[in-house]
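User: Hi! Could you walk me through this structure step by step?

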Amino acid sequence: MLGILNGLKIAFIIVGTTIGAGYASGREIWEFFGSYGQKSSYFILVSMSLFCLSCYVIMELSYRLGAHHYVYVLEELTGKWIAQVYDLLILFYLLSTTVVMFAGSGATLEYWSIPYWLGIILTAGTVVLVFMRDVESFINLNSVLIPLLIVSLLLVCTLFLSKGIEQPQISVAGSFILPSALAFTALNIMPLIAVLSALGSRMSRLEIKVASITSALILSLISILFNQSLLKVGQDVLVHEIPLFAILRYFPPAFMALVSLMLLVAIYTTAISNMFGLVTRLKERIALSSPMIVLILTVLIIPLTKFGFANLIKILYPLYGVLNLFILATILLYPLQHWES
């Protein structure tokens, strides 16, 4: 019983790591699935099946290696040279997704009549202030936020679908959706390598199985409901940088404000987590204080947000998905090549 409970706790860590601001906004689901039309929900199941298997392999490999850091798992999967390349890629991933978070905060506040650039500057300023005080307490906010965000997304999508709203459909992005589904899995596996590699060595095999299956089931349910909701709003998705708002406009203003606030906090805590990862890496190479590194990074990041939240996700997320396809393939093939049982 204890093993099942511990496995469920890890499952929520996996879900929390996957549901970032890009996912919660609906933009990630739309770009990888919804834009391909009605059949896209079936490919969510394909993607989540591979996601489940990948999480299991990462944790099982960490368990067998007794790994305490993701580099051990990465080197075992790809070899030392390629592991160094992906280690560098993680650094760029953190930097570029922080750009996306800042842009997302601007887009979210812009919906409530706060100028886009002012929203970005407010968020950037508060991120810098956090690093002058206590970072860990803000990062731990995710442990409270994510369950609330999961419940909110499930509630919003279920209530919306029950309304029976059907807007005119838009033309689909294409007919061959499988590469997009694979890229979605690959995109979300990269940050999980860092998290799960450190956890697998401290878990039992029962906990690993429970965590892998449960997280995939939860994400499948949310993703399918979210995708179907976005398909129902049709052309309204194109009007909003944050597709979630195309759904929320059918709800009372107070409900919209509450979910918007949760989305904003998710963006904010993700930005802080990314900055924390960047600072940890860069302090090994740069003789500056954490607040000064964050200030320099923030000054460099703000101009890049001019590309817009939707455009950044449309360009960067598929790009990282494609770049990560190699690591996804090595994860899926590893058991066949190295495990006898």
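This is a predicted model: local features need pLDDT of at least 70, side-chain atom pairs count only at pLDDT 80 or more; totals for chains, interfaces and linings use all residues.

User: Where is serine 113 found?
Analyst: Residues are numbered from 1 along each chain as its sequence is written, and side-chain values use heavy atoms, with hydrogens and water left out. Helices are DSSP runs of H or I with at least four residues, numbered from the N terminus. Serine 113 is found in the loop between helix H6 (80-110) and helix H7 (116-130).

User: Is serine 113 buried or exposed, and why?
Analyst: Buried means under 20% relative accessible area, exposed means over 50%, and partly exposed is in between, using a 1.4 Å probe and protein chains only. Serine 113 has a relative accessible area of 68%, so this residue is exposed.

User: What is the phi of serine 113?
Analyst: Serine 113 is not a glycine. Even so, its phi is positive, at about 70 degrees.

User: How many residues of helix H11 are buried?
Analyst: Helix H11 covers residues 205-233 and has 29 residues. This helix is mostly covered, and its buried residues number 21 of 29.

User: What distance does H11 reach from its first C-alpha to its last?
Analyst: The expected span of a helix is 1.5 Å times one less than its number of residues. For the 29 residues of H11, 42 Å is expected. The model comes close to that, with a reach of 43 Å.

User: Which residue follows H11?
Analyst: Look at the end of the helix for a positive phi, near 55 degrees. The residue with that phi, following H11, is glycine 234.

User: How far apart in space are lysine 209 and cysteine 55?
Analyst: Lysine 209 is in helix H11, and at 47% relative accessibility it counts as partly exposed. Lysine 209 and cysteine 55 are 154 residues apart in sequence. From C-alpha to C-alpha, they are separated in space by 9.1 Å.

User: At roughly what angle do the axes of H14 and H15 cross?
Analyst: Two packed helices are described by the angle between their axes and the distance between the axes. Axes here are lines fitted to C-alpha atoms, for helices over the stretch in contact, and angles run from 0 to 180 degrees between N-to-C directions. The axes of helix H14 (residues 253-282) and helix H15 (residues 290-301) come within 10 Å, and they cross at roughly 120 degrees.

User: How do the residues of the contact of H14 with H15 divide into nonpolar, polar and charged?
Analyst: Contact means heavy atoms within 4.5 Å. H14 contributes Met275, Leu278, Val279 and Leu282, while H15 brings Ser290, Ile293, Val294, Leu297, Thr298 and Ile301. Ala, Val, Leu, Ile, Met, Phe, Trp, Tyr, Cys and Pro count as nonpolar, Asp, Glu, Lys and Arg as charged, and the others, Gly among them, as polar. The residues of this contact divide into eight nonpolar, two polar and no charged.

User: Why is the pair of phenylalanine 32 and phenylalanine 184 edge-to-face?
Analyst: Rings of Phe, Tyr and Trp (its six-membered ring) pair if their centres lie within 6.5 Å; planes under 30 degrees apart count as stacked, over 60 as edge-to-face and the rest as tilted. By this rule the count comes to seven aromatic pairs. In the pair of phenylalanine 32 and phenylalanine 184, the centres are 5.6 Å apart, and the pair is edge-to-face because the planes are at 65 degrees.

User: How many residues apart in sequence are the parts that this pair ties together?
Analyst: Phenylalanine 32 is buried, with a relative accessible area of 2%, and phenylalanine 184 is also buried, at 1%. Phenylalanine 32 lies in helix H3 (residues 27-32) and phenylalanine 184 in helix H10, so the distance in sequence between the parts tied together is 152 residues.

User: Which residues is serine 180 in contact with, leaving aside its neighbours within four places in sequence?
Analyst: Serine 180 is in helix H10 (residues 178-200). Its relative accessible area is 9%, so serine 180 is buried. Leaving aside neighbours within four places in sequence, its contacts are Glu31, Phe32 and Tyr36.

Terms used
Helices (H or I, at least four residues) and strands (E, at least two) are DSSP runs, numbered from the N terminus.
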